[in-house]
Amino acid sequence: MLEMMFCEMPEKDVISWSTLIMGYVQGGQLEKGLECFREMREKGLVPNEAILVTVLSASAQLGLLEHGQLVHFTIRSLKFRMSVAVGTALIDVYAKCGCIDMSRQVFKEMPQRDVWSWNVMICGLATHGLGKEALELFQKFINEGLHPVNVTFVGVLNGCSRSGIMDEGRRHFKLMTEAYGIELEMEHYGCMVDLLGRAGFVAEALELIEKMTIQPDPVLLGTLLGACKIHGLVELGEELGRKLIELDPTHDGHYVLLANIYAKARKWEDVVKVRQLMVDRGANKVAGWSLIEAKGKVHRFIAGDREHERSSEIYKMINVIDRRLAEAGYSPDVSPVLHDIGKEEK
């Protein structure tokens with residue numbers, strides 16, 4: 001309907017394009033929104049701030065670096081003012097596309113920053129495993145006289161988790177409520193459970209969950225289940241796995257994790273039972289997929305898919321990569337993978 005009305009318009013100005021692009025992006029049709037932005041630029045129209053922020057958001061969600069760079073180039077070539085909203089969106093897209101150095105540069109060059117600019121930069125550093133730098137930036141944030149919000153601590157705790165900074169993670173988890181009066185949310189508990197679980201403090205993570213003032217969600221319990229798999233805690237893993245399956249019988253990931261825990265303990269009969277239960281309840285494993293960008297075009301791939309126009313070339317290259325990895329001495333650890341799966345599938 002939106003596209004039809006747009007096409008019927010005798011004249012289309014930047015507001016019309018802005019409405020169309022935002023409609024697509026907010027409706028989840030991110031690639032369509034990016035295509036419209038390219039078309040608008042080809043017609044010589046100058047985008048407004050709303051379009052730039054929307055397109056950067058879509059690029060960040062899809063992880064499409066080239067599109068983000070195109071928008072950044074557009075901003076520079078048009079000498080567009082680096083507003084807080086545009087700068088924050090640029091930091092986000094570069095961080096989510098793996099270019100944390102560019103995020104740092106944009107953050108440094110911003111004439112003005114608000115709480116959200118700092119939050120996005122802290123979260124970006126955390127996602128890249130730069131926990132110590134995220135903590136240092138958080139301290140600068142406090143020194144600037146800014147007051148943290150719940151998202152700020154998601155970034156801080158996530159940074160501690162990914163970098164294994166146990167003591168700082170515990171300290172900042174307490175600071176949230178005691179110093180800043182921020183109410184603990186599921187994401188904060190999730191970061192702490194992940195931090196404790198990765199470090200092998202599974203009992204402490206379980207105790208934290210049991211003392212929560214809110215009901216733990218399946219994602220949180222799944223994080224603890226993942227820790228059980230890593231550390232070989234079969235009994236607790238079995239208890240959590242069965243609880244998760246009861247909470248969400250259609251979620252394939254819970255069955256797979258529980259089966260892998262049994263497989264790691266070489267309890268093959270239990271593996272078969274879990275897999276059969278998965279089939280009986282119709283929780284078939286969803287095929288993995290990926291998205292890449294090459295020469296301005298977005299390519300989508302699904303596991304086992306051979307419908308891409310260059311499929312034969314792609315699989316030949318995968319074979320070359322596998323051979324080179326083997327020649328370099330790499331051998332994948334398939335010990336936890338189900339015992340009756342063929343070697344190639346593993």
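Helices and strands here are DSSP runs, numbered from the N terminus. One more thing before the close-ups: this is a predicted model.

**View 1. Here is the second largest pocket, with a volume of about 250 Å³.** Of its 11 lining residues, the ones closest to the centre are Ile292, Ala294, His299, His308 and Arg310. The top contributor is β2, which gives three residues. Sort the lining by class and you get five charged, four nonpolar and two polar residues.

**View 2. Zoom in on Ala294, a residue of strand β1.** Is Ala294 buried, exposed or partly exposed? Its relative accessible area is 33%, so Ala294 counts as partly exposed, since that label covers what falls between under 20% (buried) and over 50% (exposed). Leaving aside residues up to four places away in sequence, Ala294 touches Glu66 and His299. Leu65 sits 229 residues away along the chain, yet its C-alpha atom and that of Ala294 are separated by 9.8 Å.

**View 3. This one shows Ile21 in the largest nonpolar core, a set of 88 residues.** Along with Phe37 and Leu90, Ile21 touches the most other members of that core. Which residues does Ile21 touch, not counting those up to four places away in sequence? They are Gly33, Cys36, Phe37, Met40, Ile51, Thr54 and Val55.

**View 4. Next come the two stretches that an unreviewed UniProt entry annotates as "repeat: PPR", residues 13-47 and 114-148.** In residues 13-47, the end C-alpha atoms lie 10 Å apart, and the span is 74% helix and 0% strand. For residues 114-148, the end C-alpha atoms are 11 Å apart. That span, too, is 74% helix and 0% strand.

**View 5. Last up are two loop residues, Lys79 and Arg266.** Most residues other than glycine have a negative phi. Lys79 isn't a glycine, but has a positive phi of about 55 degrees. You'll find Lys79 in the loop between α5 (65-77) and α6 (84-96), and it counts as exposed because its relative accessibility is 75%, where the cut-off is over 50%. Arg266, not a glycine either, has a positive phi of about 60 degrees. Look for Arg266 in the loop between α16 (252-264) and α17 (268-280). With a relative accessible area of 60%, Arg266 is exposed.

Terms used:
Residues are numbered from 1 along each chain as its sequence is written. This is a predicted model: local features need pLDDT of at least 70, side-chain atom pairs count only at pLDDT 80 or more; totals for chains, interfaces and linings use all residues. Side-chain values use heavy atoms; hydrogens and water are left out. A nonpolar core is a set of buried Ala, Val, Leu, Ile, Met, Phe, Trp, Tyr and Cys residues joined through side-chain atoms within 4.5 Å. Buried means under 20% relative accessible area, exposed over 50%, partly exposed in between (1.4 Å probe, protein chains only). Contact means heavy atoms within 4.5 Å. UniProt positions are given in the numbering used here, feature names are shortened, and annotations may be inferred rather than shown by experiment. Helices (H or I, at least four residues) and strands (E, at least two) are DSSP runs, numbered from the N terminus. On a 1 Å grid over the protein atoms alone, a cavity is a set of points where a 1.4 Å probe fits but cannot get out, and a pocket is an open set with protein on both sides within 12 Å along at least five of seven lines; lining residues have an atom within 4 Å of a point. Grid points are joined across faces, edges and corners, and a volume is the space filled by probe spheres set on the points. Ala, Val, Leu, Ile, Met, Phe, Trp, Tyr, Cys and Pro count as nonpolar, Asp, Glu, Lys and Arg as charged, and the others, Gly among them, as polar.
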